[in-house]
Structure formats: C-alpha cells, structure tokens
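Colleague: I am new to reading protein models. Could you walk me through this one?

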Amino acid sequence: MRPITAACFFACSTALTAPLPALAQQTISGQTAPAAQVTPQESSWIQIEAQSTLLGAQDRIRDYGQTFPNVAGFDLGSGWYGILLGPYTAEDARAALRQLRRDGLVPRDSFVQFSSRLKQQFFPIDAQFAETAPAAPATTPKVSEPAPTQAPAVTPTLETAELTPIPKVYIPDETRAEAQRSERLLSRDDKKELQRALAWAGVYAAAIDGSYGRGTRGAMRAWQAQQGFDETGILTTGERAILLEQFNAVFDGLGLEVVREAKAGIEMLVPTNIVSFDAYAPPFARFTASGDIEQAQLLMISQDGAEPELRGLYDIMQTLEIVPSEGARQIRDDTFEMEGIGDDFISYTFAETKRAKIKGFTLIWPAGDEPRRARIVQRLKDSFTPIEGVLDPTLGDPAEQAIDLVAGLEIRQPLRAGSGFFIDDQGTVLTHAANVAGCGRISLNDRYTATVANPSATGTGELAVLTPIEPLAPASYAQLTGEPIRLGQSVAVAGYPYGGVLRAATLTFGTLQDLRGLQGEADLSRLSMLAAGGDIGGPVVANNNAVIGMLAPRQSPSAQALPADVQFAINSSTLVDLANAADVTIEAPNSTAGRLSPEELTLQAREFTVLVQCWE
C-alpha cells in the first residue's frame, strides 16, 4: 500500500502523557543541528510519514535510519503508525523542518508534531517511557536516630510536580511566502481539485475553474478557521494535504489500487477490498463482490470494434438487468456513457473505441450511497487507461450461454410484449392499447423508445398510436386498405408470437371467416388461425401485402370458451379513422400489386411489423 505522508495525521493524533528523554544533539544529513535539551512540556517531533501496518512502518524506519540517527516510531491510533524525527524543542523542530525541506530530505508535507498526540513508541525497540516520575529533591535529608525521650522524626513527604498540559497549538509548516511559492507550482488541475475539496467542505460554491480569486481565497480562510489554523487565505503544503486527505476520506477501506488486466488490455483503479476478479465472460472481465458491499460489481469491457460495434454494445447494454431503464445516457461517435437507476442499485457504464478496439467499464453500486458512488465513478474514470490487448472472445464458460443471457448476465425482461406496425415514414406505430397499458417505458424493436401519442377507445377494440422519441426511418410501412376481400380468402397475421425470442417477425396463416364479430360488430372481422398472445396488435395482411386489419385479443361474448382457432381483427377502416384522428396520413395501397407467394409475403410484411415491449 502506498504510504500516507505525515500531514494527513496532524489533526487526529491522540494524547500520550509520558515524558520523553532529552537528546543532546541531532545530526541532519551529516550536519549538527542545535542541541535540544527537552522537558516533557517542550517535546516536539517532525512527523515525516505514516503507514497502515506496523511491519510497513518498521521497514520505512530502517530506510530513514540510514540518513537520520534520530528516527523514531509511534503508534498514531486508528491502525496507523508514524515515522518521526526528534525529539526537539518546538523552536528547534521548526528550524530543523525548514532545513530538511530545503535539503529535500523529507516530504514537503512533513510537519511539527507534539508528544501529546502520540501513543506508544515502538522504535527504538529498547525505548522505555514510564509515567512521569515525582520531582526528586536536590539532596537526601539525613535523619538522626531518635532518642528515647524524643518524639519520632517525621519523614518528609515529596510533592509530585503538577504537569501543565501541552497545548495543541498548530505550527505552520510553511511561512506565508513559502506557501505562496509552493502554490505557484500547482497545476491547473491541482487547483481545481482543491476547489472541489473546498466545495465538499461546504465553504466554496463558485466555479471549479482552477482560478484563485476572492471566492477561493475566502473559502480557504473559512476552511482554515474551521480547522483552527491561521486564517491567511493561502493554504500551506501541509494544509493542502490535510484538506485533500479529508476530501478523499470517502475512499477509506475501499482498497483503491491500480489493476493491470493484461488479457482485457485495461489498467485502472479497482476497489480491491470490495470486489475481486471472478471470471472472463467476453466482452467482460467480471469482478464480483468480495467485501462488505454485497451489490458491488465491476465489469471491464474489452472487445474489437469501431463505431458500429460501439453502437451495438450501447444497445445491448440497455437490455441487461444491470442497467435499469431509468437514468441518463448519451452516445457520441466514439464513446458512450449510461447510468441505470434501480430501486436497490445504480450502475454507470463508460465505453470508447480507439484504433478499432472498444474498452470501458461498468460499476454497480448500492443505492443510497450517492456522494461516495459519484466520487468513486470519477476516480475510476480518471484512472481508466487502455493498454495493448483485447479480450479473447473464446474465453469464458460455455455453460453460461443462453438466450436470456449476455456474457453470463441476465437480460432485462419486459412486463409484456406484443406487436404493432409502422404506418408512415416517420416511424409512427399502430398497436393495440393492451400492449402498452401501464408501462413505464415503451420500446420498439428492442432499440427505440416511444410514447403513446393518441390512445383512443373505438368500438370493441382499444388502439394506440406510438411516436418514437429518437429519429426513426423504417425500411417500409403498412398500406391499409378499406376494400373488402372475399370470405374464405387466405390471410396472415405478422407478429412476434414468442415475445421477441425470435428476432424477426413471423407470419401465421389462416382464412377470413366473417366480416363481422360474433355479435355482429361492424368494426371486427373473424378469422380462423392459431395465433399467439404476442401477435396481438400485429397487422393482418391479404395475399397482396395490403393490411386489412389488426389482430385483437380474443373475447367471448359469453362464458363459453372459444375454439382455439377463432381470432378477431379490428377492420382497416377503423384503423384509418384512428390514424386520421392522430393526424397521420395513411397511404393507399398499390392497386397493381398482385398475389404474392407465402415466402414473398413474409419478407415484405416483416419490414413494417414491429416488436412492442412494455417495461416497468
């Protein structure tokens, strides 16, 4: 784990009342610093680093010990161990820190630390710090043997010196001039990050632009006041480190580490305490929950492909259970982002194509943890780096292949699915209202989102006109005819009888039995065919491909069950009336079209038949 430098523990060290022994002199890089004869009230140290394990701290102490003879190690509390130099007086500590920084021997965010903020010392190994001993008298009094007639001598009592608590006074790690100079070395991105941290601390509400004007300076002063620092409006190196440490505390315990996944050709930060590698399931390298956050998942995305394949991936991702339908999403020529907001979790997906390789990732995180999730997403995205290589599509477990799975992930299922058909070159769709009743979202052909333009109750059948939200130019659209055809003539319904399991529309053939319903309804025709529920709303076509009606749900006028082959169609004249009411122009059929073979009819009807799906 990367060491945490000294400044991040300035505010959180706890008290230790044990006094520290004086040190005659300190040697700094071969130079002798002023002698530091200290008392418990004056003990100061220079904290230069902190480690999250005792073993790690001991290793670093050995490294520093090659340069500094006065290195020491203390428990800082909360599972952290500090590496310090000293002890010094407070004045000598400040002087030594300035010299060490100038010589480049310690990190720039090293700072003066007090013994009252330190716990048990673990290095040097033989260091013994007992509780403060009573003050001893200058000499030991002589006591004469009492004569028998004398009163017993009174043994003198020794009063314990009362220690004055060491005040927790902040000692700046830089002068104002030094802070100004170090600030000038910051990049624009560094300055933006500090503005984000000030905004997170609740003291900054202006633009994140990397420009330090009056608003930023005022925010710095406000934050310094919160922390008990001098209100200069210019953050020192140590103060910047403390602010950023507080800002990034949301990442504590996640184990964010850079992972280089060679097979996927991706290098990025991964919360290794939360997820661990599970399996390859092209185009994904899956990392599943291994920590306390059971819903956490990370998918690295890696496959060959340019812009067309990227758009295909964009469409496929939206069918998965891990990408709920709610949430912002955007696709450009070479990249896309999408968010899926569910009741229990939120997913974020980013993907891009470069040099015909598609790389990206999906993070799944439990709902209700939005501030941290948003920060984690940004960190992962900032760290995302494509490297050489792409995931081999033959990797993965063949047992995970199924029609309702993509790379082992479940495809999101609609509430119901039916059929419809295009009625103009703008992609307007006519379907039965039963297909779209109570839907949170309506999709066309598994890809396009639509809204109900003009639901209307007409006679015995409820119809709905659907308008696509995205631009849509169908290859063909239906031609409705009001001309009656002869009874007994062959007809067919085009639809999706299995709810889209078959990716293309199928035709079910039958005959026209009557131009009215069972009770004489003029807007219905009775058919003889074995249609399925997914065909409801689909076009009923004559053998010249003209649409003569729409398949309606089976409704018996009595309690008696209808024979399986009895079906009903809403007549085309009723459909034309609805279309006109919705300001949709219906084109007259081609009067010269002749009779088509079943194969030709199937190919032509498929072009304007639409899968209509209803989602929560």
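**A helix and a barrel**

Modeller: Let us start with Ser572, which lies in helix α9 (residues 572-581). Helices here are DSSP runs of H or I with at least four residues, strands are runs of E with at least two, and both are numbered from the N terminus. This is a predicted model, where local features need pLDDT of at least 70 and side-chain atom pairs count only at pLDDT 80 or more, while totals for chains, interfaces and linings use all residues. Residues are numbered from 1 along each chain as its sequence is written, and side-chain values use heavy atoms, leaving out hydrogens and water.

Colleague: Why is Ser572 called buried?

Modeller: Buried means under 20% relative accessible area, partly exposed lies in between, and exposed is over 50% (1.4 Å probe, protein chains only). Ser572 has 6%, so Ser572 counts as buried.

Colleague: What makes β28 and β29 a pair?

Modeller: Two strands pair if DSSP finds at least two bridges between them. Strand β28 (residues 506-514) and strand β29 (residues 524-528) are joined by three bridges, so they pair, and they run antiparallel. Thr511 stands opposite Ser528 in β29.

Colleague: Which strands close into a barrel, and in what order?

Modeller: Six strands do, in the order β27-β28-β29-β32-β31-β30, with antiparallel pairing. Neighbouring strands of this sheet are turned by 45 degrees against each other on average, direction ignored.

Note on methods. Axes are lines fitted to C-alpha atoms, for helices over the stretch in contact, and angles run from 0 to 180 degrees between N-to-C directions.
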